[in-house]
Amino acid sequence: MATSLCVLVDRGPYGSIQAAEAIRHANGALAKGWEVVLALTDDAVYAALLGQSPSSGEWVSLSEALSQFIQGGKERAAVLVDSEALGARGISDADLVPGTRPVTMGEMAATLARCQRTLIF
């Protein structure tokens with residue numbers, strides 16, 4: 001039986017390492033055969049914006065990292081994006097990386113409750 005991991009992220013994609021580390025840990029769990037849910041809320045929803053191009057050469061594009069996570073994990077990877085946080089920031093579903101799924105906080109909480117392990121960034 002595969003272990004399931006939820007990674008909850010509430011920090012913006014750039015300016016600190018939390019969002020990048022969350023995605024790195026999620027990819028590590030996928031590599032070990034785990035089922036992984038990345039849950040983006042608050043400013044972390046910006047990580048799911050398509051076509052990011054960070055101005056500084058110090059940061060990698062987290063939208064590309066999310067795309068790779070989704071493609072690499074296939075049915076074992078999910079990216080949930082808080083729809084209320086999207087709305088508060090004027091971001092539409094069409095602006096998001098393909099394969100991400102906007103959800104209500106209730107849906108996100110129910111998913112987190114089903115995971116065997118949780119990391120918070």
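Guide: Partly exposed means between two cut-offs: buried is under 20% relative accessible area, exposed is over 50%. This is a predicted model. Take Glu 21: its relative accessible area is 23%, so it is partly exposed.

Visitor: Which residue does Glu 21 meet in a salt bridge?

Guide: Its partner is Arg 24, at 2.7 Å, N to O. Both residues lie in helix 1 (residues 18-31). They are three residues apart, about one turn of the helix.

Visitor: How many salt bridges does a search of the whole structure find?

Guide: Three. Another joins Arg 11 and Asp 10, with the closest N and O atoms 3.8 Å apart. Arg 11 is partly exposed at 41% relative accessibility. Asp 10 is partly exposed too, at 31%.

Visitor: Where does Asp 43 find its salt-bridge partner?

Guide: At Arg 89, 2.9 Å from N to O. Asp 43 sits in the loop between strand 2 and helix 2, and Arg 89 in the loop between helix 3 (83-88) and strand 4 (100-103), so the pair ties together parts 46 residues apart in sequence. Asp 43 has 35% relative accessibility and counts as partly exposed. Arg 89, at 27%, is also partly exposed.

Visitor: Is Lys 74 buried or exposed?

Guide: Exposed, at 59% relative accessibility. Asp 42, at 37%, counts as partly exposed.

Terms used: Residues are numbered from 1 along each chain as its sequence is written. This is a predicted model: local features need pLDDT of at least 70, side-chain atom pairs count only at pLDDT 80 or more; totals for chains, interfaces and linings use all residues. Side-chain values use heavy atoms; hydrogens and water are left out. Buried means under 20% relative accessible area, exposed over 50%, partly exposed in between (1.4 Å probe, protein chains only). A salt bridge is a side-chain nitrogen of Lys or Arg within 4 Å of a carboxyl oxygen of Asp or Glu. Helices (H or I, at least four residues) and strands (E, at least two) are DSSP runs, numbered from the N terminus.
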